[in-house]
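Biologist: Thanks for sitting down with me over this one. Please take me through it one question at a time, and spell out your terms as you go.

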Amino acid sequence: MNIKNKVKALLARMTLPEKVGQMTQLGTFNPTDDLSLIREGRVGSLLGVKGAETVNELQRIAVEQSRLGIPLLIAADVIHGYRSIFPIPLAEACSWNPALVEETAAIAAREASAEGIQWVLSPMVDITRDPRWGRIAEGAGEDPYLGSEMARARVKGIQRNDWNNRPYMMACPKHFAGYGFIEAGRDYNTVDMSIRRLREICFPPFQAAIEAGAGTIMVAFNELNGVPCAGNGWLLKEVLQQQWGFEGVVVSDWDSIGELVEHGYARSREEAARLAIESGVHMDMQSLVYHEHLLDLVRQGIVSELVIDDAVSRILSMKFQLGLFDRPYTDPALASTILLAPDHVQTARHMACESIVLLKNEGNVLPLKQTIRKLAVIGPLANDGDALLGCWSGQGRSSDVVTIVDGIHTAVNAGMEILYAKGCGTAEGTENEKTEAAAIASLCEVAIVVLGETANMSGENNNRTSLDLPSCQMSLLKAIHDTGTPVVLVLVNGRPLSVEWAQLHVPAIVETWQLGIQAGMATADVLFGHYNPSGKLPVTFPRNAGQIPIYYSAKKTGRPQMKHYVDANVEPLYPFGYGLSYTTFEYSNLVLSKPSISPQGSLKVQACIFNAGSMDGEEIVQLYICDEFASITRPVKELKGFWKIMLRAGETQTVEFELTAEHLGFVNNEQQFVVEPGSFRVWVGPNSTDGLEGKFEVDS
Ligand code: BGC
């Protein structure tokens with residue numbers, strides 16, 4: 001029997017309470033009440049239970065003690081690793097390496113599966129241009145093109161299902177939609193934006209995730225143009241189901257159906273249940289609103305049972321696709337061989353290396369030489385495993401983490417003395433600590449100063465109004481700088497930081513984000529030149545929070561020459577796509593295959609890249625376009641392609657991009673995708689501000 005028929009047959013045997021049960025996910029587990037709910041078939045999914053043995057115990061109740069024996073779907077937030085913690089997603093996006101990102105997602109899924117999980121609540125594919133928002137750490141930054149590549153890779157990795165030759169995991173792209181555009185960077189806040197912009201900027205990563213096969217989607221907390229997403233039929237039915245043909249499961253966010261009341265959208269929890277189910281939310285995460293009210297709503301004829309049947313069919317279909325009916329249990333012996341397996345740890349180091357972005361390297365302070373006799377390592381984050389795990393660190397443990405101090409110790413020759421001082425805390429410090437650190441720095445040839453944010457300074461609801469380093473850390477940095485010892489600033493953070501002072505005064509800055517279990521190894525690899533840094537920023541770095549929103553694909557405006565502030569430079573601190581290498585890449589010979597194309601045509605764009613330095617290295621070659629005149633004004637630049645290439649010292653490579661209608665079009669005010677005739681500019685370059693420029697026409 002195929003899955004469709006199996007679902008039909010099972011559905012026909014279900015009572016209404018059992019159907020509503022499938023639509024109910026419990027996020028917190030209370031053994032006294034919840035075990036009996038599982039036994040009665042009144043729960044379809046659990047979130048937050050850990051370990052194969054616990055999961056098996058609960059699964060056994062569902063499978064062996066409930067009337068129909070429908071297995072539970074076990075969900076977990078596996079955002080950047082399960083036990084082998086990889087770099088935070090924003091850091092992974094700096095790699096511009098979808099194949100490697102797919103690999104880390106696949107490993108995370110495998111590890112989670114070994115602990116009985118079948119549904120990971122990731123990737124977060126929300127585009128955001130507001131680094132004040134703590135959840136910027138969970139996404140791929142500001143750009144829909146790069147964001148879509150990362151979304152596709154993560155879904156493919158999670159649902160790769162190549163382990164034991166059986167399907168075992170579903171992805172859940174989230175949060176649909178517009179969540180990254182909350183006002184003031186304050187979590188859960190209002191989103192009000194044009195539908196056209198929503199389609200152009202927020203939707204593409206979701207569409208890419210669905211094209212990649214994502215089986216489920218999570219709804220956002222926020223309201224969108226006056227209608228909360230959990231009750232937004234236009235978003236969930238018209239766009240997601242009718243226009244995109246999504247056939248999977250739509251799950252609410254945590255209590256977001258219940259919150260329809262707080263939003264002032266539903267008068268009661270009962271009305272919230274009706275609005276959510278009628279809008280296309282198939283599963284209720286945690287609010288219990290469906291559990292409490294759907295039964296009566298159907299019995300009173302207010303909600304049609306057909307709507308319930310559609311939701312339940314999707315959920316059952318997912319359970320069949322995952323093979324849960326045949327294999328509901330997980331071998332408890334698996335975890336010990338899968339979690340932190342040596343190849344997972346090795347991939348974590350590789351990914352961490354590719355996630356690092358070299359922001360400044362004046363006078364080639366880096367890479368550090370093994371001939372240094374005394375090296376200072378200073379700062380509150382140099383030896384802090386928890387901070388390096390970042391937000392949403394799953395089952396990660398700080399004891400699994402190689403800290404930066406430890407990583408440096410393993411990378412240096414026996415003759416090099418490492419002197420470590422904390423210097424201050426992350427939020428507070430004393431004069432004594434600072435003086436002691438400065439004294440150590442002054443004894444050394446180079447001072448590595450590790451500053452930034454703890455894990456809980458970013459992530460959900462960890463928003464900031466300032467992007468500066470906390471004042472005690474800033475004061476420590478200045479004190480070390482004042483010793484005259486050259487400083488290498490290593491940033492550990494979950495969001496862009498406005499480190500303008502450092503850019504002006506410190507010779508070298510290395511952005512390491514929160515790199516996970518192999519943070520120290522990877523940081524040392526880069527500091528000592530075992531890995532030539534290649535990462536490029538997926539998000540613009542402002543000089544100060546007052547510049548927000550600041551992003552590369554801005555509109556021209558009527559007075560482009562008059563963009564300025566009276567109190568600050570208008571340019572970003574570091575542009576989107578920016579990142580240095582220990583070698584130098586030279587771009588030449590931009591060649592377009594034709595001067596003009598039809599609106600359905602395509603065009604090849606080539607450029608030569610030469611490694612002019614003395615070290616092998618990878619370069620991320622970026623392609624941008626600008627539609628010069630259009631019926632809807634277009635951004636000054638839009639990313640439309642990239643390649644990551646490896647060039648030996650002295651080597652030249654030609655890279656080729658193909659531009660098609662899909663890259664040249666946009667969504668107009670009628671919500672249609674159009675390619676308009678006219679002139680286009682095109683750039684191939686190392687970031688969003690530099691590059692070779694060409695021109696072509698789209699004929700009418
Ligand atoms: C977050 C989701 C997460 C869910 C379950 C919510 O607060 O917004 O991203 O998946 O909790 O933990």
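**Loops, sheets and helix packing**

Biologist: H175 lies in the loop between α7 (144-158) and α8 (195-211). Which residue does a cis peptide bond join to H175?

Modeller: First, this is a predicted model: local features need pLDDT of at least 70 and side-chain atom pairs count only at pLDDT 80 or more, while totals for chains, interfaces and linings use all residues. Residues are numbered from 1 along each chain as its sequence is written, and side-chain values use heavy atoms, with hydrogens and water left out. Helices (H or I, at least four residues) and strands (E, at least two) are DSSP runs numbered from the N terminus. As for your cis bond, its omega is about 0°, and the partner of H175 is K174.

Biologist: From which residue does the cis peptide bond to A177 run?

Modeller: A177 is also a loop residue, found between α7 and α8. The omega of its cis bond is near 0°, and that bond comes from F176.

Biologist: Which residue of β4 is the bridge partner of A76?

Modeller: Strand β3 (residues 73-76) and β4 run in the parallel sense and share 2 bridges. For A76, the partner in β4 is V120.

Biologist: And the sheet of 6 strands: how large is its average twist from one strand to the next?

Modeller: This open sheet has mixed pairing and the order β10-β15-β14-β13-β11-β12. Its edges are β10 (357-361) and β12 (417-421). From one strand to the next, the twist averages 15°.

Biologist: How many bridges join β13 to β14?

Modeller: Strand β13 (residues 446-452) also pairs with strand β11 (residues 374-378), in the parallel sense over 4 bridges, and there I378 has V449 as its partner. On the β14 side, G452 stands opposite V492. β13 and β14 run parallel, and the number of bridges between them is 6.

Biologist: How many residues of β14 are buried?

Modeller: Buried means under 20% relative accessible area, exposed over 50%, and partly exposed in between, with a 1.4 Å probe and protein chains only. In a regular strand the side chains alternate between the two faces of the sheet. Both faces of β14 are covered, with V487, L489 and L491 buried on one side and V488, V490 and V492 on the other. The count for β14 is therefore 6 of 6.

Biologist: Which helix packs on this sheet, touching β13, β14 and β15?

Modeller: Contact here means heavy atoms within 4.5 Å. The helix makes about 150° with the direction of β14 (487-492). It touches β15 (508-511) as well as β13 and β14, and it is α21.

Biologist: Are α15 and α21 parallel or oblique to each other?

Modeller: Axes are lines fitted to C-alpha atoms, for helices over the stretch in contact, and angles run from 0 to 180 degrees between N-to-C directions. Helix α15 (residues 342-355) and helix α21 (residues 519-527) pack at about 50°, with axes 8 Å apart. Angles under 35 degrees count as roughly parallel, over 145 as roughly antiparallel, 65 to 115 as roughly perpendicular and the rest as oblique. The two helices are therefore oblique.

Biologist: Which residues of α21 meet α15?

Modeller: On the α15 side, the contact is made by R349, A352 and C353. Their counterparts in α21 are M521, A522 and D525.

Biologist: Is W513 buried or exposed?

Modeller: W513 lies in the loop between β15 and α21. Its phi is near 55°, a positive value in a residue other than glycine. At a relative accessible area of 0%, W513 is buried.

Technical notes:
Two strands pair if DSSP finds at least two bridges between them.
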